[in-house]
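Dear colleague,

Please find below the structure that I am handing over to you. My findings follow directly after it.

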Amino acid sequence: MSDLTRRSAAELAGLLAAGDVSAVEVTQAHLDRMAAVDGAVHAFLHVNTDEALAAAADVDARRGAGEELPELAGVPIAVKDIVVTRGQVTTAASKILENWVPPYDATLVSRLRAAGMPILGKTNLDEFAMGSSTEHSAYGNTRNPWDLERIPGGSGGGSAAAVAAYEAPLAIGTDTGGSIRQPAAVTGTIGVKPTYGSVSRYGLIAMASSLDQAGPVTRTVLDAAMLHEVIGGHDPLDSTSLTDPATGYVAAARAADLKGLRVGIVTELGGEGYQEGVRRSFLESVELLKQAGAEVVEVSCPSFDYALAAYYLIMPAEASSNLAKFDGMRFGLRVEPAEGPVTAERVMAATRGAGFGDEVKRRIILGTHVLSAGYYDAYYGSAQKVRTLIQRDFAQAFAKADVLVSPTAPTTAFRFGEKLDDPMAMYLNDVATIPANLAGIPGISLPSGLSDDGLPVGFQVLAPAREDARLYRVGGVLERLLTEKWGGPLLAQAPELEVASR
Ligand code: GLN
């Protein structure tokens with residue numbers, strides 16, 4: 001079967017269960033595709049050929065012996081390189097962790113392994129997940145499969161590009177301020193940031209612990225729901241893990257319509273600063289939601305105007321603390337001072353100076369500054385108050401609507417270098433995604449069409465905490481209507497990548 005890489009995870013699961021293909025064939029097809037296109041796309045930092053094939057062979061042997069297997073057994077997956085994998089190099093795209101081999105698996109990785117899902121490799125990201133373009137990776141840019149001169153979003157550009165380029169049917173991302181949803185938006189894929197605490201953070205290299213959440217990156221809404229059910233659930237190893245997270249995602253993704261559902265358009269997440277084609281595509285999808293039976297209202301969340309500012313105080317504050325452990329003593333890189341005494345402090349300074357990139361240093365400086373005794377109340381304290389106001393805005397909005405909608409990102413994929421020297425312009429990409437992280441609520445981005453420049457636009461749906469199933473209901477219905485309108489998935493309109501000869 002030549003087109004295995006074009007299949008959704010649900011379709012692959014069906015073929016595997018029926019015995020039409022083996023897990024080794026499916027995994028090999030994706031490894032071949034990676035060999036053919038990843039030279040151009042550079043979605044992967046590490047490829048686990050032998051391990052992935054061994055995991056696939058194990059699934060085939062167990063299926064052959066008549067064992068009852070989890071639904072996604074034999075369906076391969078790519079994992080963002082900020083999630084630790086036992087025995088496999090994990091770098092967070094930083095020089096400071098170059099060649100670091102974790103001694104344990106993240107909980108979500110253990111769950112993927114238990115589900116029989118071969119791990120194809122680790123995907124590229126902005127260093128320590130700080131960025132919106134993957135240009136801050138210490139290991140080179142990932143390219144957007146829609147246009148190789150453009151960014152794939154960030155920080156999880158590698159996971160989104162891998163799925164968009166058919167190198168993997170599924171991927172794992174992490175979202176602290178939008179790093180699953182914005183890359184999904186600009187690559188025409190689907191990304192879900194689950195409710196905070198519903199997917200374990202154990203084994204994620206922490207960026208900002210009160211905001212980080214891992215989730216699915218896929219090409220269909222159903223696939224995202226299936227993957228979410230595999231990785232979600234309580235974990236005693238994560239003290240912020242919900243004890244009774246909701247489920248029912250797969251059933252919700254198959255909903256027939258949106259009758260009785262109230263959809264709120266957030267006034268503050270649109271308008272000025274949003275590309276014209278992005279707005280047009282967004283409004284077209286809103287019309288489809290109405291056709292499916294939804295009632296559409298407008299809601300205002302005035303505090304969202306301060307969300308970006310609050311995020312860029314809270315996130316660096318937490319990151320500066322989390323990154324203190326990279327000191328040249330415990331993990332990865334160790335650099336001794338070029339001259340003078342080799343004291344612990346001087347080794348730390350030399351290691352951190354050499355090991356961290358500019359964006360990480362910028363945020364550590366910002367974070368330590370806002371946490372310093374003289375400025376704590378003025379900056380960090382104020383930002384936490386804004387966070388509370390944002391949570392209140394959401395509570396009021398969700399009293400009027402069951403879900404909220406907006407464009408995922410204000411623009412389509414920009415060109416490399418366009419925003420690299422202007423941190424503020426880069427940060428503005430997250431304006432629509434950040435409020436969800438500050439409030440701990442779930443969000444999905446799915447493709448709503450092409451903008452005037454021919455590039456994909458993301459449609460964001462937000463739901464109250466623990467109501468992730470609503471995202472799958474709205475996403476599943478909208479995806480079906482859009483696919484009918486386009487006569488196939490949006491990704492089918494992406495230009496074919498040139499395949500390298502081997
Ligand atoms: N782009 C945002 C930032 O730079 C979000 C990052 C993320 O979600 N990991 O902080």
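In which hand of crossing does H2 pass H3? The crossing is right-handed. Please bear in mind here and throughout that the model is predicted.

Helix H2 covers residues 23-41 and helix H3 residues 49-64; their axes lie 7 Å apart, at an angle of about 160 degrees. As angles over 145 degrees count as roughly antiparallel, H2 and H3 are therefore roughly antiparallel to each other. From H2, the residues Ala23, Val24, Thr27, Gln28 and Leu31 take part in the contact. They meet Thr49, Ala52, Leu53, Ala56, Ala57, Val59 and Asp60 of H3.

The second matter concerns an annotation. An unreviewed UniProt entry lists Lys80, Ser155 and Ser179 under "active site". These residues span 100 positions in sequence, yet no two of their C-alpha atoms are more than 10.8 Å apart, so they gather at one spot. Of this set, Ser179 belongs to the lining of the largest cavity.

Lys80 is located in strand E2 (residues 77-80). With a relative accessibility of 0%, Lys80 counts as buried. Beyond its neighbours within four places in sequence, Lys80 has contacts that include Lys122, Thr123, Ile172, Thr174 and both Ser155 and Ser179.

Ser155 lies in the loop that runs between strand E3 (119-123) and helix H5 (157-164). Ser155 likewise counts as buried, at 0% relative accessibility.

Yours sincerely

Key. Residues numbered from 1 in each chain as written. Predicted model: local features only at pLDDT ≥ 70, side-chain atom pairs only at ≥ 80, totals over all residues. Heavy atoms only, no water. UniProt positions renumbered as here; feature names shortened; annotations may be inferred. 1 Å grid on protein atoms, 1.4 Å probe; cavity = no way out; pocket = protein on both sides within 12 Å on 5 of 7 lines; lining within 4 Å. Helix = DSSP H or I, 4+ residues; strand = E, 2+ residues; numbered from the N terminus. Buried < 20%, exposed > 50% of the residue type's maximum accessible area, 1.4 Å probe, protein only. Contact = heavy atoms within 4.5 Å. Axes fitted to C-alpha atoms, helices over the stretch in contact; angles between N-to-C directions. Parallel < 35°, antiparallel > 145°, perpendicular 65-115°, else oblique. Left-handed = near helix turned anticlockwise from the far one by under 90°.
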